[in-house]
Amino acid sequence: MKGILGLLRHKLPPEERKEAGESVFFSTAFADHGISADEAIPWEARAVEVGAKRLNADKGAPKLQALWARDPHMKRLDSAAMDQLMHFFDFATVVADRELMRQDEYGSFMIVLLSGTMAVDRDQQWGERVRLSEARPGEILGEMSLLDSGKRFSHCITLTECEVAILGAEALDEMMTVRPQLAASLIALLARKMSLRLRAVGARMTERR
(Lines give C-alpha, C1' and ligand atoms only; values in the text may rest on other atoms or scores of the structure.)
Protein backbone atom coordinates (compact mmCIF):
# COMPACT_ATOMS: atom_id res chain seq x y z
CA MET A 1 0.00 0.00 0.00
CA LYS A 2 1.33 3.44 -0.91
CA GLY A 3 1.69 6.11 1.74
CA ILE A 4 -0.86 8.84 2.41
CA LEU A 5 1.25 11.33 0.45
CA GLY A 6 1.14 9.07 -2.58
CA LEU A 7 -2.64 8.68 -2.37
CA LEU A 8 -3.14 12.44 -2.18
CA ARG A 9 -0.64 13.11 -4.97
CA HIS A 10 -2.64 11.25 -7.60
CA LYS A 11 -5.55 13.68 -7.08
CA LEU A 12 -3.47 16.77 -7.78
CA PRO A 13 -2.53 18.15 -11.23
CA PRO A 14 1.23 18.49 -11.92
CA GLU A 15 1.19 22.25 -11.30
CA GLU A 16 -0.27 21.86 -7.82
CA ARG A 17 2.13 19.01 -7.02
CA LYS A 18 5.07 21.29 -7.80
CA GLU A 19 3.63 24.04 -5.58
CA ALA A 20 3.27 21.49 -2.78
CA GLY A 21 6.95 20.63 -3.14
CA GLU A 22 6.36 17.10 -4.36
CA SER A 23 8.53 15.46 -7.00
CA VAL A 24 7.05 15.09 -10.50
CA PHE A 25 10.39 14.44 -12.17
CA PHE A 26 9.54 10.99 -13.53
CA SER A 27 5.77 11.20 -13.92
CA THR A 28 5.92 14.29 -16.17
CA ALA A 29 9.19 13.65 -18.02
CA PHE A 30 7.40 12.12 -21.03
CA ALA A 31 6.60 15.67 -22.12
CA ASP A 32 10.27 15.94 -23.10
CA HIS A 33 9.48 13.50 -25.93
CA GLY A 34 6.40 15.42 -27.07
CA ILE A 35 3.83 13.14 -25.46
CA SER A 36 1.67 13.56 -22.39
CA ALA A 37 2.00 11.37 -19.33
CA ASP A 38 -1.43 9.92 -20.21
CA GLU A 39 0.01 8.44 -23.41
CA ALA A 40 2.64 6.44 -21.52
CA ILE A 41 1.45 2.95 -20.63
CA PRO A 42 1.16 2.58 -16.83
CA TRP A 43 1.24 -0.78 -15.10
CA GLU A 44 -2.45 -0.50 -14.20
CA ALA A 45 -3.43 -0.49 -17.88
CA ARG A 46 -1.02 -3.26 -18.87
CA ALA A 47 -2.15 -5.38 -15.90
CA VAL A 48 -5.73 -5.30 -17.16
CA GLU A 49 -4.62 -6.11 -20.71
CA VAL A 50 -2.61 -9.19 -19.70
CA GLY A 51 -4.97 -10.36 -16.97
CA ALA A 52 -2.46 -9.93 -14.15
CA LYS A 53 -3.58 -10.93 -10.69
CA ARG A 54 -2.53 -8.95 -7.65
CA LEU A 55 0.05 -10.71 -5.46
CA ASN A 56 -0.12 -9.95 -1.77
CA ALA A 57 2.82 -7.84 -0.62
CA ASP A 58 3.33 -10.25 2.26
CA LYS A 59 4.30 -12.85 -0.36
CA GLY A 60 5.93 -10.64 -2.97
CA ALA A 61 8.10 -8.41 -0.80
CA PRO A 62 10.07 -11.23 0.91
CA LYS A 63 10.83 -12.74 -2.51
CA LEU A 64 12.14 -9.43 -3.83
CA GLN A 65 14.22 -8.85 -0.71
CA ALA A 66 15.71 -12.34 -0.88
CA LEU A 67 16.63 -11.97 -4.57
CA TRP A 68 18.20 -8.55 -4.12
CA ALA A 69 20.09 -9.70 -1.04
CA ARG A 70 22.01 -12.02 -3.41
CA ASP A 71 22.45 -9.43 -6.16
CA PRO A 72 26.01 -7.99 -6.18
CA HIS A 73 24.66 -4.47 -6.77
CA MET A 74 21.28 -4.32 -5.06
CA LYS A 75 22.59 -5.89 -1.86
CA ARG A 76 24.31 -2.55 -1.21
CA LEU A 77 20.94 -1.46 0.18
CA ASP A 78 20.88 -2.31 3.88
CA SER A 79 17.95 -4.11 5.51
CA ALA A 80 16.31 -0.88 6.71
CA ALA A 81 16.47 0.64 3.23
CA MET A 82 15.14 -2.57 1.71
CA ASP A 83 12.18 -2.60 4.11
CA GLN A 84 11.35 1.00 3.20
CA LEU A 85 11.68 0.25 -0.50
CA MET A 86 9.04 -2.48 -0.43
CA HIS A 87 6.29 0.04 0.33
CA PHE A 88 6.71 1.59 -3.13
CA PHE A 89 6.32 -1.65 -5.12
CA ASP A 90 3.21 -3.44 -6.34
CA PHE A 91 3.24 -7.20 -6.88
CA ALA A 92 1.42 -9.38 -9.40
CA THR A 93 1.19 -12.82 -11.01
CA VAL A 94 0.98 -13.16 -14.81
CA VAL A 95 0.33 -16.33 -16.81
CA ALA A 96 2.55 -17.52 -19.66
CA ASP A 97 2.57 -15.92 -23.14
CA ARG A 98 1.72 -12.39 -22.06
CA GLU A 99 3.59 -9.34 -23.37
CA LEU A 100 4.32 -7.06 -20.43
CA MET A 101 6.35 -4.56 -22.44
CA ARG A 102 6.45 -3.74 -26.15
CA GLN A 103 9.37 -2.40 -28.12
CA ASP A 104 9.08 1.30 -29.01
CA GLU A 105 6.12 2.04 -26.74
CA TYR A 106 6.36 4.52 -23.89
CA GLY A 107 5.95 2.86 -20.52
CA SER A 108 5.96 4.38 -17.04
CA PHE A 109 6.96 1.33 -15.02
CA MET A 110 9.70 -1.22 -14.53
CA ILE A 111 9.41 -4.76 -13.24
CA VAL A 112 11.56 -7.14 -11.25
CA LEU A 113 11.05 -10.80 -12.07
CA LEU A 114 10.40 -12.74 -8.86
CA SER A 115 9.70 -16.19 -10.33
CA GLY A 116 9.39 -17.80 -13.74
CA THR A 117 11.10 -16.94 -17.04
CA MET A 118 10.58 -14.09 -19.50
CA ALA A 119 11.80 -13.62 -23.07
CA VAL A 120 13.52 -10.37 -23.99
CA ASP A 121 13.20 -9.94 -27.76
CA ARG A 122 14.05 -7.10 -30.14
CA ASP A 123 12.77 -6.47 -33.68
CA GLN A 124 15.60 -5.66 -36.05
CA GLN A 125 15.48 -3.20 -38.94
CA TRP A 126 15.57 -6.04 -41.47
CA GLY A 127 12.41 -7.60 -39.98
CA GLU A 128 13.87 -10.39 -37.87
CA ARG A 129 13.01 -10.69 -34.20
CA VAL A 130 16.08 -11.58 -32.12
CA ARG A 131 16.02 -13.19 -28.70
CA LEU A 132 18.35 -11.02 -26.62
CA SER A 133 18.02 -13.05 -23.45
CA GLU A 134 15.73 -15.02 -21.18
CA ALA A 135 15.24 -13.17 -17.90
CA ARG A 136 15.46 -15.12 -14.66
CA PRO A 137 14.30 -14.28 -11.13
CA GLY A 138 15.97 -11.17 -9.79
CA GLU A 139 16.42 -9.48 -13.16
CA ILE A 140 15.09 -5.96 -13.73
CA LEU A 141 13.24 -5.08 -16.93
CA GLY A 142 12.08 -1.71 -18.23
CA GLU A 143 14.20 0.44 -15.95
CA MET A 144 15.71 2.33 -18.89
CA SER A 145 12.31 3.73 -19.94
CA LEU A 146 11.43 4.51 -16.34
CA LEU A 147 14.63 6.50 -15.84
CA ASP A 148 14.80 8.39 -19.15
CA SER A 149 11.12 8.29 -20.24
CA GLY A 150 12.22 7.00 -23.65
CA LYS A 151 10.77 4.23 -25.79
CA ARG A 152 11.01 0.61 -24.73
CA PHE A 153 14.12 -1.09 -26.09
CA SER A 154 12.59 -4.56 -26.41
CA HIS A 155 9.60 -6.85 -26.03
CA CYS A 156 9.27 -8.64 -22.68
CA ILE A 157 7.06 -11.73 -22.81
CA THR A 158 6.30 -14.29 -20.11
CA LEU A 159 7.43 -17.79 -21.09
CA THR A 160 6.01 -19.34 -17.93
CA GLU A 161 3.71 -18.10 -15.20
CA CYS A 162 5.64 -15.26 -13.58
CA GLU A 163 5.50 -13.31 -10.36
CA VAL A 164 6.67 -9.72 -10.73
CA ALA A 165 7.31 -6.64 -8.62
CA ILE A 166 6.37 -3.34 -10.23
CA LEU A 167 7.71 0.17 -9.64
CA GLY A 168 5.93 2.99 -11.46
CA ALA A 169 6.95 6.57 -12.21
CA GLU A 170 4.54 8.07 -9.69
CA ALA A 171 5.76 5.71 -6.97
CA LEU A 172 9.34 6.70 -7.77
CA ASP A 173 8.35 10.36 -7.53
CA GLU A 174 6.76 9.66 -4.17
CA MET A 175 9.98 8.01 -3.04
CA MET A 176 11.97 11.06 -4.10
CA THR A 177 9.69 13.20 -1.94
CA VAL A 178 9.44 11.13 1.22
CA ARG A 179 12.68 9.06 1.03
CA PRO A 180 15.07 11.10 -1.17
CA GLN A 181 18.24 9.30 -0.02
CA LEU A 182 16.64 5.93 -0.72
CA ALA A 183 15.51 7.12 -4.15
CA ALA A 184 19.00 8.40 -4.99
CA SER A 185 20.58 5.08 -3.98
CA LEU A 186 18.07 3.06 -6.00
CA ILE A 187 18.45 5.21 -9.12
CA ALA A 188 22.26 4.95 -8.94
CA LEU A 189 22.12 1.18 -8.61
CA LEU A 190 19.61 0.83 -11.44
CA ALA A 191 21.76 3.00 -13.70
CA ARG A 192 24.83 0.89 -12.99
CA LYS A 193 23.01 -2.39 -13.67
CA MET A 194 21.45 -0.97 -16.81
CA SER A 195 24.83 0.15 -18.16
CA LEU A 196 26.37 -3.26 -17.60
CA ARG A 197 23.44 -5.04 -19.25
CA LEU A 198 23.48 -2.78 -22.30
CA ARG A 199 27.18 -3.39 -22.73
CA ALA A 200 26.56 -7.14 -22.64
CA VAL A 201 23.68 -6.89 -25.13
CA GLY A 202 25.77 -4.73 -27.45
CA ALA A 203 28.58 -7.27 -27.36
CA ARG A 204 26.19 -10.13 -28.24
CA MET A 205 24.62 -8.23 -31.11
CA THR A 206 28.07 -7.36 -32.48
CA GLU A 207 29.03 -11.06 -32.43
CA ARG A 208 25.96 -11.91 -34.56
CA ARG A 209 26.96 -9.53 -37.38
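Biologist: Which residues is Lys-193 in contact with, leaving aside its neighbours within four places in sequence?

Modeller: With those neighbours left aside, Lys-193 is in contact with Asp-71, His-73, Met-74 and Ile-140, contact meaning heavy atoms within 4.5 Å. Lys-193 itself belongs to helix α8, residues 180-208. Helices are DSSP runs of H or I with at least four residues, strands are E runs of at least two, and both are numbered from the N terminus. This is a predicted model, so local features need a pLDDT of at least 70 and side-chain atom pairs count only at pLDDT 80 or more, while totals for chains, interfaces and linings use all residues. Residues are numbered from 1 along each chain as its sequence is written, and side-chain values use heavy atoms, with hydrogens and water left out.

Biologist: What makes the link between the side chains of Lys-193 and Asp-71 a polar contact?

Modeller: A polar contact is a pair of N or O atoms within 3.5 Å; within protein, one atom must be able to donate a hydrogen and the other to accept it, and residues adjacent in sequence count only if both atoms are side-chain atoms. The 2.8 Å between the side chains of Lys-193 and Asp-71 meets that distance limit.

Biologist: How do you know that Asp-78 caps the N-terminal end of α5?

Modeller: A side-chain oxygen of Asp-78 lies 3.2 Å from the backbone nitrogen of Ala-80.

Biologist: Why are the buried residues of α3 said to line one face of the helix?

Modeller: The buried residues of α3 (residues 43-50) are Trp-43, Arg-46, Ala-47 and Val-50. Viewed down the axis they fall within an arc of 105°, so they line one face. Glu-44 and Val-48, on the other side of α3, are exposed. The cover over the buried residues includes β2 (90-94), β3 (99-101), β4 (109-115) and β9 (162-168).

Biologist: What makes β5 and β8 a pair, and in which sense do they run?

Modeller: Two strands pair if DSSP finds at least two bridges between them. Strand β5 (residues 118-123) and β8 have four bridges, in the antiparallel sense, and Asp-121 stands opposite His-155 in β8. β3 and β8 meet the criterion with two bridges, also antiparallel; there Glu-99 stands opposite Ile-157. Within β8 (residues 155-158), His-155 and Ile-157 point one way and Cys-156 and Thr-158 the other, and all are buried. In a regular strand the side chains alternate between the two faces of the sheet.

Biologist: How many bridges join β5 and β6?

Modeller: They pair over six bridges in the antiparallel sense, β6 being residues 129-135. The two form a hairpin with five residues between them, and Gly-127 in the turn has a positive phi of about 100°.

Biologist: Why is the meeting of Arg-131 and Asp-121 called a salt bridge?

Modeller: A salt bridge requires a side-chain nitrogen of Lys or Arg within 4 Å of a carboxyl oxygen of Asp or Glu. The N to O value for Arg-131 and Asp-121 is 2.3 Å, so the pair qualifies. Arg-131 lies in β6 and Asp-121 in β5, so the bridge ties together parts 10 residues apart in sequence. At 5%, Asp-121 is buried, whereas Arg-131, at 36%, is partly exposed.

Biologist: Which other residue forms a salt bridge with Arg-131?

Modeller: Glu-134 does, with the closest N and O atoms 3.2 Å apart; at 35% relative accessibility, Glu-134 counts as partly exposed. Salt bridges that share partners also join Arg-46, Glu-49, Glu-99, Arg-102 and Glu-105 into one network. The whole structure has 10 salt bridges.

Note on methods
Buried means under 20% relative accessible area, exposed over 50%, partly exposed in between (1.4 Å probe, protein chains only). The arc is that of the directions from the helix axis to the C-beta atoms.
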